[in-house]
Amino acid sequence: MHSRGRPTQAGDATGIERETFTSNRALQMEEALLFEIGRTETSGVDLDDVPDVAARLGGLERVEPIGLPGLSEPETLRHYVRLSQKNYAIDSGLYPLGSCTMKHNPRLNEAMARLPGFSDVHPLQPASTVQGALELIDTLADWLMELTGTAAVAMSPKAGAHGEMCGMMAIRAAIEARGEGATRTVVLVPDSAHGTNPATAALIGFSVRAVPARADGTVSAQAVRDALGPDVAAIMLTNPNTCGLFEPEVVEIAAAVHEAGAFFYCDGANFNAIVGKVRPGDLGIDAMHINLHKTFSTPHGGGGPGAGPVVLSERLSPFAPVPFIRKDGGHFSLVEDREGSQSLGRMCAFHGQMGMFVRALSYMLSHGSDGMRQASEDAVLNANYVRACLSDVMSQPFGNKPCMHEALFDDAWLKGTGITTLDFAKAMIDEGYHPMTIYFPLVVTGAMLIEPTESESRASLDLFIATLRDLAISVRAGDVARFTGAPHLAPRRRLDETRAARQPILRWVPPQPLPVPVAQAAE
Ligand SMILES: *Cc1c(COP(=O)(O)O)cnc(C)c1O
């Protein structure tokens, strides 16, 4: 009953594994590197020979050919199209990666980002010629402050982790301005945090003190109070947290942190669960990054760069980085100079990711405030639907309780089966699904974190759930081979990840030329 006609191994209709002459498998092409396909002595374009000119590089001229592969236009095109077809993308199917909010990127956003007034402008153009672009950044900034209930926003950080760094640098600047730079050197980070949080704190010179999570996956105000002291600069807390739970004591935690003279950095990567429902500023945060590429549908992963604006509380706003936009009557200008201010400086060369700003604002304006709230509600509903429909076959670390935007399972239900979380995830690939996030958060053993987002229809969720239930039934039936050998049907099977990490091959060496075919050699 539960079988969907799954073959037990890769192979033809007879079930026999068969090699092909080309190594391609039906329409799955074996793709060589560009350098292996192209020949250095040919070129896809017809250029005149370079005229003899006297070198003016003072002896730094290249003495050997650069070795670029030559390919014609169709050869180049096919190479890249075939590579692109190897990508799993949100445009090809449900992408359940937890904590990543892989939601649909509306095509309207793409059309807006391609308007010449946005796509063809240059960051060094005089401000008078890019008033519309500056107004767009300013409007987006207003929305971000509105949705978070905060006083300021730094638009320039280019990713969530970059935003963390910006927010923590603002906190450091505020602490130094108080003359406490030498004493407040510790940042509190809960065990369940994303790895970027402790990395950010350490990168800018803080030391990290871990705050243990409670048995229910949340952080208690008492544990934070116990860890606070005159040496603490800030706490970095994710809300909703990486276990998919809203921190119930977040207001109390904020109060305790402030009372101890420290700041509250909130990791806002999971904002998609609460947009239009809760304003983090009302909870007492001092700084929070917003991953536009998660919450506001700008492409990410292989699909595009991110953007991580940071909202700041009144207390931190004087320390915001340059440049920022100043609106004077109807005129917009960029304040580039930090002279005479307390600004922390500059996070990057220009104002940030213009293309992402256009897409995010397009998403906001097309949804409106009611639509954004609806998206959050649907994201939470979808996650709980997945969670509830799998709760009888998979185990949940914190009991059968509602979650926010992502459903978390552990590997207790796999104990004694000979199948691990990794095996289960690999078997999902054979079924055409990108695996969920696994082994994160670290506080849960064998974690499987599923974030379906609001993009999925009921039918899409039902097929996903049915697939995971079918896999779970195989686990119970002891069909170990379905898992430990998986993926059976992908172009690459199980990779030696340990060896790849320990002995990475970082240098490409040109392959030996192919042997001349025998018939031709005989001529
Ligand atoms: C994605 C994520 C980050 C980092 O954001 P990037 O844009 O990938 O740099 C930080 N914290 C959490 C909880 C995340 O999910």
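Author: Let us begin with handedness: a crossing is left-handed if the near helix is turned anticlockwise from the far one by less than a right angle, and right-handed if clockwise. Helices (H or I, at least four residues) and strands (E, at least two) are DSSP runs, numbered from the N terminus. This is a predicted model, in which local features need pLDDT of at least 70 and side-chain atom pairs count only at pLDDT 80 or more, while totals for chains, interfaces and linings use all residues. Residues are numbered from 1 along each chain as its sequence is written, and side-chain values use heavy atoms, with hydrogens and water left out.

Reader: OK, so at what angle do the axes of H6 and H7 cross?

Author: The axes of helix H6 (residues 160-177) and helix H7 (residues 196-203) cross at roughly 45° and come within 9 Å; these axes are lines fitted to C-alpha atoms over the stretch in contact, and angles run from 0 to 180 degrees between N-to-C directions. That makes H6 oblique to H7, since angles under 35 degrees count as roughly parallel, over 145 as roughly antiparallel, 65 to 115 as roughly perpendicular and the rest as oblique. H6 passes H7 in a right-handed crossing.

Reader: And which residues make the contact?

Author: On H6 they are Ala161, Glu164, Met165 and Met168, and on H7 they are Thr196, Asn197, Thr200 and Leu203, where contact means heavy atoms within 4.5 Å.

Reader: Switching to the sheet, what's the strand order?

Author: The order is E1-E7-E6-E5-E4-E2-E3, in an open sheet of seven strands with mixed pairing; two strands pair if DSSP finds at least two bridges between them. Strand E1 (152-154) and strand E3 (207-211) stand at the edges with a single partner strand each, so one side of each is left without a neighbour in the sheet. From one strand to the next, the twist averages 25°.

Reader: How many bridges join E6 to E7?

Author: Three bridges join strand E6 (residues 287-289) to strand E7 (residues 310-312), and the two run antiparallel. Within this pair, Ala287 has Leu312 of E7 as its bridge partner.

Reader: Which strands does H5 touch?

Author: Helix H5 (residues 131-148) packs on the sheet and touches E1, E6 and E7, its direction making about 125° with that of E1.

Reader: What about phi, is it positive or negative at Ala26?

Author: Ala26 has a positive phi of about 50° although it is not a glycine, and Ala26 is found in the segment before helix H1 (34-37). Gly329, in the hairpin of E8 and E9 with two residues between the strands, takes a positive phi near 60°. E8 is joined to strand E9 (residues 331-335) by five bridges, and the two run antiparallel.
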